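The following note was prepared for a colleague who wishes to examine the coordinates alongside a written account.

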Amino acid sequence: MASLIVYFAHPGHRFSHVNAEMFAEAQAVTGITLVDLYAEYPRFDIDIDREQQRLLDHDVILFQFPLFWYSTPSLVKEWQDLVLEHGFAYGAGGTRLAGKRMMLAITAAGPQDAYAPEGYQHHHLRTFLRPLEQTATLCKMRFLPPYVLYGALKAPAAGQVAPHATGYRRLLEGLRDDRFDAPDAGPQQVLTHDTLPLHKEG
Amino acid sequence: MEGFLLLAFIFLIAGVVAVPVASRLRLGSVLGYLIAGIAISPLLAALQVDVISLQHFAEFGVVMMLFLVGLELEPRMLWAMKAKLLGLGGLQVGLTALAVMGVAVVLGQAWSIALAIGLIFALSSTAIVLQTLNEKGLMKSDGGQGSFQVLLFQDIAVIPMLALIPLLAMPELMGLADSAGGAGSGHEAVVQAGATSSHDAGAAPETTSSHDTGPGFVESLPGWQRGLVTIAAIAAVVLGGSLLTRPVFRFIAMAKLRELFTATALMMVIGIALLMSLVGLSPALGTFLAGVVLANSEYRHELESDIDPFKGLLLGLFFMTVGAGIDFALLFDNLAGILALTLGLIALKAGVLLALSFMFRIGGADRWLFALGLAQAGEFGFVLLGFSVTNQVIPAPLADLLLLVVALSMLLTPALFIAYERLILPRHAGRAEPDDAIDDEAPIIVAGHGRFGGIVNRMLLAGGHKTVVLDVSSAQLEMLRAFDIKVFFGDASRPDLLHAAGIHAARMLVVAIDDAEQAVELVRHVSQTHPEVYIVARALNREHVYQLYAAGARDIIRDTFDSAVRAGRSALQALGTHPYDAERQAQGFVRNDRRSLQLLAELYDPDIPAHENAAYVDRAKGLMAEQEAAMRGGSSAFGTRIDRGWSPPTERDVQEEAKGADKAVS
């Protein structure tokens, strides 16, 4: 059993198409820690000590958020700025997170073909996630390939919400039960509900 | 009765007319009073007013002034200046006395007379100098501090002088004088005054006068008992001041009567002066000591503002009597001689002071302030001259001449200050020493230390700022004092108390008093008289906000608004609203409310109660409807707009976009 913490961050969750559904599925998973960041810190007054302790208490740190302007919602950035302190997460003596795993579960409004050199976003999705990937690396954590839903705004019409949300639940359970085993498939690798590298239960 | 009223009226009208004119001409109030005194002197002569005894009554202003000076001076500050006090003061008195004595001997006086004159002329005028320094804001400068130390030493030195002068008596010299001229009218007055003066009570042999306040009972005691009585009196002042003030004022505060505080403060000062006179000490010194003892007290500013008007009036009266007391007949008979003596005296004293300023490293413009400021003879000179005559130390005709020298030198002092300002200061301009700016007065005044002001004060202190807190609750004060919070008793809506608390030097005023009208008045007063003071005001409600704004406050915080918004947010959250949504709604509500506050401000009319102001009521209703619609989510107002940034494109937006993209492709 690995200990898993999920940070959910969505300031406009009332308008969420997919993330709210995913979060509901996550709430059904037992034995993991689930944090609604915007509910805990509506005034952005992040409790640094508490957050650092949470990180120490868990092996896998997963952030779930909608991609806003190729980055995280602002509270996640605030969380990073404050919690990942020098001497704790990086720099001299900053080895407290070494060996942990970090993963993202993100939804992107653009369709999959947009995230390519020839698409209108001009880059693969993973390229936009580089800052987060490097954050994990600098903190000596292993960055796992992200769990992604492209075209999130059209997902309800396309009937993609439910499979993605249940896939999310299976992912969290797999991480919890050490059944997640992602072979390195290159720098552009992303995971979807039908490509989850999970061992069979039992 | 009419006689008293007439006299009071003459003095008051002279002061009221002359002082503003003098201030307008930037001559200072002291010169104004002196000129007013000269102007009314013929009238006083016609009414046969005893100017000199009036002057001795007015000298009580000096006693009060020293009390106030003491209040400004914490004991540790007094202790810190002990070396300068004794060194600078002692040398000034000693050297000046010797120099004057030398000149007098050269001019043909017997040594005993010369020494008496030297001692008398060594003293400067505490009244004129401190008043002028305060008025011009020079008290904290090096020159001002040096002057104060010298003056304080002089006040102490008067006591041994009173003991020494009778020893110089040489009656055979007096016979000479008596046969030569006899006693002038000024002489009579001075003799009488010498006996009635509070300064020499106890030490003076002629203390049997019916006017006398000090029967001088200690005279009859043996030396060691006198010493014990004196020490007991000082101990009484120190202990009484530090132990009794608080319970007495708490008792007084129960009556909630403004005038009782004034009466108590006067009672204290007069009582101490009386006690000191009884044991043969200087009342000025006694009240100064009491002031120092009370400098740390929370009632300091209250005492200051209570005593201050009396001090001002009595000093004004004193200056006028100095002006009125000049015997012009005698002056014009010996004009050249007296002028020469006066100018010579000023030059001599200034010379000694200049030399000392080099020794004690008083530099720059301060050196001249120190030297010119203290170059006159002082009001104690009147007392000591009279005392010398009665003790047959100085012949009366000579004393009359010297009296004129003293008065004239005092009259010239304001001119010397003006010379300092107009001739010396400009040359030193731009070379102001940085440490002059250091001011121990706290630059932030917090008016009201209740549940609101207390929090503001705590935050300011935590932020490393110095504050002066004023509050009217004695119980509250004692509790705060126990926690080492610097608070003072007093009603902040009173301008005089604000002044005592240092509003003239303040950077900021936090208005947190409970009474809404008083708060508005306070803001209006401060924003008009001290526009440079930044005002943070607490409002009780929306109308109060408008009134405070009209009065000149700019940072206006409704005292219950923020907490109510927080309560509303908690309620929404408890009802199931996501905490972040509740926060956003609260923010939106605050924004909306602020907008309506501004919109309604345009319609607010302080002369019409809000509920009778039709336009105001109409718009308020409209805004309220808007807000309600917003809360129910039926409008584009804050309810939905707060989520604008994170609401994704709608289904239709997405389809439109897709169509546009298709077109672009095709």
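1. The structure is a predicted model, and local features are described where pLDDT is at least 70. Side-chain atom pairs count only at pLDDT 80 or more, whereas totals for chains and interfaces use all residues.

2. Overall arrangement of the sheet in chain B. Six strands of chain B make up an open sheet in the order 3-2-1-4-5-6, and the pairing is parallel. Strand 3 (487–489) and strand 6 of chain B stand at the edges; each has a single partner strand, so one side of each lacks a neighbour in the sheet. From one strand to the next, the twist averages 20 degrees.

3. Strand 1 of chain B and its neighbours. On one side, strand 1 (residues 444–447) of chain B pairs in the parallel sense with strand 2 (residues 467–471) of chain B over four bridges. Within that pairing, B:Val446 has B:Val469 in strand 2 of chain B as its bridge partner. Strand 1 of chain B also pairs with strand 4 of chain B, again in the parallel sense and over four bridges. There, B:Ile444 stands opposite B:Met508 of strand 4 of chain B.

4. Burial of strand 1 of chain B. Which residues cover the two faces of this strand? B:Ile444 and B:Val446 lie on one side, B:Ile445 and B:Ala447 lie on the other, and all of them are buried. This pattern may be read against a general rule: in a regular strand, side chains alternate between the two faces of the sheet.

5. Strand 4 (residues 508–511) of chain B runs parallel to strand 5 (residues 534–539) of chain B, and four bridges join them. B:Met508 has B:Tyr534 in strand 5 of chain B as its bridge partner, while B:Val511 stands opposite B:Ala537 of strand 5 of chain B. Strand 5 of chain B in turn pairs in the parallel sense with strand 6 (residues 555–558) of chain B over four bridges. In that pairing, the bridge partner of B:Arg538 is B:Ile557 of strand 6 of chain B.

6. Handedness of the crossovers. In which hand do the β-α-β units of strands 1 and 2, and of strands 5 and 6, of chain B run? The unit made by strand 1, helix 21 (residues 453–462) and strand 2 of chain B is right-handed. The path from strand 4 of chain B through helix 24 (residues 516–529) of chain B to strand 5 of chain B is likewise a right-handed β-α-β crossover. Strand 5, helix 25 (residues 542–551) and strand 6 of chain B also form a right-handed unit.

7. Packing of helices 6 and 17 of chain B. The axes of helix 6 (residues 82–106) and helix 17 (residues 335–359) of chain B are 10 Å apart, and the helices pack at an angle of about 145 degrees. Helix 6 of chain B passes helix 17 of chain B in a right-handed crossing. Helix 6 of chain B contributes residues including B:Leu88, B:Leu91, B:Leu95 and B:Val103, and helix 17 of chain B contributes residues including B:Leu348, B:Lys349 and B:Leu356. By class, this contact has 10 nonpolar, two polar and one charged residues.

8. Other buried positions in chain B. Six of the eight residues of helix 3 (residues 51–58) of chain B are buried, and the helix is mostly covered. Among the buried ones are B:Val51, B:Gln55 and B:His56. B:Phe589, in helix 27 (residues 579–601) of chain B, is buried because 21 other C-beta atoms lie within 10 Å, where the cut-off is 20 or more. From C-alpha to C-alpha, B:Phe589 and B:Arg569 are 10.0 Å apart in space, and they are 20 residues apart in sequence.

9. Chain A. Eight helices and six strands make up the elements of chain A. Of the 202 residues in chain A, 35% are buried. Among contacts in chain A with a separation of 6 or more, 79% link residues 24 or more positions apart.

Technical notes. Residues numbered from 1 in each chain as written. Chains lettered and ligands numbered in written order. Axes fitted to C-alpha atoms, helices over the stretch in contact; angles between N-to-C directions. Left-handed = near helix turned anticlockwise from the far one by under 90°. Contact = placed C-beta atoms within 7 Å. Nonpolar A, V, L, I, M, F, W, Y, C, P; charged D, E, K, R; others polar. Pairing = 2+ DSSP bridges. Right-handed = clockwise from strand over helix to strand, strands pointing away. Buried ≥ 20, exposed ≤ 12 C-beta atoms within 10 Å, placed from the backbone.
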